[in-house]
Amino acid sequence: MKTALTIAGFDPTGGAGVQQDLKVFHHFGVYGLSVLSALTAQNTFEIRDIKAIDKKFLEEQLFTILSDIRPDALKTGMLFSKDAVRAIVKVIKGFDLQNLVIDPVTISTTGTALLENGVLDLIKNELFPLSKIITPNIYEASILTGVRIEDKEDMQRAAKELKKSGTDTIIITGGHFNNDELKNETLDLLYDGDSFRYYRDLKIDGEYHGTGCAFSAALTALLAVGLSVPSAVEKAKKFITKSIKNAHELGKGMRLLNI
Ligand code: PLP
């Protein structure tokens with residue numbers, strides 16, 4: 001059986017972070033391994049508190065599981081601290097792990113920072129060069145590159161800029177455009193350094209929790225079973241659209257994806 005590892009945060013709703021990732025891995029028939037980088041106290045409308053897992057214990061989790069099982073693919077989600085990034089870089093190099101998917105998580109839909117100052121730069125400089133694909137949304141791609149993204153051309157400029165970080169491939173997910181041409185659509189851009197490929201779909205109204213987590217987890221599972229990046233992106237996108245369409249309204253805030 002193929003295996004995938006998620007290194008991410010704990011979310012009591014199960015709608016994001018490790019629990020969400022494990023559900024997605026299971027959906028694709030991949031055995032899920034998980035290592036916790038941070039804990040959150042959150043519900044569907046707010047994040048009240050965050051605690052980083054201390055460096056030593058995070059390293060202990062990583063070395064213990066990886067000295068036993070080698071994942072076919074892995075992803076990182078909410079990393080929160082510089083210590084977490086450094087520990088992950090160390091194990092990826094030490095165990096020569098392949099098929100790394102990075103979701104460069106910055107801020108929650110509800111507006112809470114999911115990382116400390118300076119962490120994103122460290123992720124970009126140390127972790128991106130080790131990755132198969134990075135999955136920023138347009139907001140994250142903007143902060144990472146300094147490119148203001150309002151249309152397709154801006155997306156391309158940001159993707160080219162991100163390629164310089166040393167990642168193999170970039171998918172910028174554009175579900176949140178405001179301009180007239182794109183406000184009713186989602187537009188994602190895949191760039192491998194040679195060609196651009198767009199994925200377009202109709203936007204579904206409403207606020208949904210954990211869409212970025214689920215998308216990157218789907219990509220990870222699909223890479224673990226051996227799909228090429230473009231096929232994995234296509235399949236992951238269809239899966240997310242379906243999960244959003246059938247989402248559960250269980251709390252007072254965002255809807256939770258139906259995996
Ligand atoms: N909590 C955790 C643990 C996460 O990993 C993330 C996103 O990566 C979030 C919350 C935020 O999710 P969203 O912005 O989709 O609500």
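A search of the whole structure, which is a predicted model, finds three aromatic pairs. Rings of Phe, Tyr and Trp, the last taken by its six-membered ring, pair if their centres lie within 6.5 Å; planes under 30 degrees apart count as stacked, over 60 as edge-to-face and the rest as tilted. A pair of aromatic rings is described by the distance of the centres and the angle of the planes. One of the pairs is formed by Phe63 and Phe95, and is tilted, with 5.7 Å from centre to centre and 55° between the planes. Phe63 belongs to helix H2 (residues 55-66), whereas Phe95 sits in the loop between helix H3 (82-94) and strand S5 (100-102), so the pair ties together parts that are 32 residues apart in sequence. Helices (H or I, at least four residues) and strands (E, at least two) are DSSP runs, numbered from the N terminus.

Phe63 counts as partly exposed at 33% relative accessibility, and Phe95 counts as partly exposed at 22%. Here buried means under 20% relative accessible area, exposed over 50%, and partly exposed in between, with a 1.4 Å probe and protein chains only. Residues are numbered from 1 along each chain as its sequence is written. Because the model is predicted, local features need pLDDT of at least 70 and side-chain atom pairs count only at pLDDT 80 or more, while totals for chains, interfaces and linings use all residues; side-chain values use heavy atoms, with hydrogens and water left out.

The loop that holds Phe95 also contains Asp96 and Asn99. Most residues other than glycine have a negative phi. Asp96, although not a glycine, has a positive phi of about 50°, and Asn99, likewise not a glycine, has a positive phi of about 60°. Asp96 is partly exposed, with a relative accessible area of 49%. In helix H3 lies Asp83, which counts as partly exposed at 32% relative accessibility. The C-alpha atoms of Asp83 and Val105 are separated by 16 Å, and the two residues are 22 residues apart along the chain.

Attention now turns to helix H5. This helix (residues 138-145) is mostly covered, with six of its eight residues buried. Those buried residues are Ile138, Glu140, Ala141, Ser142, Leu144 and Thr145. They pack against helix H4 (119-127), helix H6 (152-163) and strand S7 (169-174), where contact means heavy atoms within 4.5 Å. An α-helix has 3.6 residues a turn, so residues three or four places apart point the same way. Just after H5, Gly146 takes a positive phi of about 80°.

Ser165 is located in the loop between H6 and S7. This residue is buried, with a relative accessible area of 14%. The side chain of Ser165 reaches the backbone oxygen of Leu162 at 2.6 Å. A polar contact is a pair of N or O atoms within 3.5 Å; within protein, one must be able to donate a hydrogen and the other to accept it, and residues adjacent in sequence count only if both atoms are side-chain atoms. Leaving aside neighbours within four places in sequence, Ser165 is in contact with Lys124, Phe128 and Pro129.

Another buried residue is Val24, at 0% relative accessibility, in helix H1 (residues 17-27). Not counting residues up to four places away in sequence, Val24 touches Ala214, Ala217, Ala218, Phe239 and Ile259. Val24 and Gln98 are 74 residues apart in sequence, and their C-alpha atoms are 19 Å apart in space.

The ligand remains to be described. Of the 13 residues around the ligand, Gln42, Thr109, His209, Gly210 and Cys213 come nearest; a residue is near a molecule or strand if one of its heavy atoms lies within 4 Å of it. By class, this shell has six nonpolar, seven polar and no charged residues. Ala, Val, Leu, Ile, Met, Phe, Trp, Tyr, Cys and Pro count as nonpolar, Asp, Glu, Lys and Arg as charged, and the others, Gly among them, as polar. A polar side-chain atom of Gln42 lies 2.7 Å from a nitrogen atom of the ligand. An N or O atom in the side chain of Thr109 is 2.7 Å from an oxygen atom of the ligand, and a backbone N or O atom of Gly210 lies 2.6 Å from a ligand oxygen atom. Taken alone the ligand exposes 400 Å², of which the protein buries 93%; accessible areas come from the Shrake-Rupley method with a 1.4 Å probe, and for residues only the protein chains shown count as cover.
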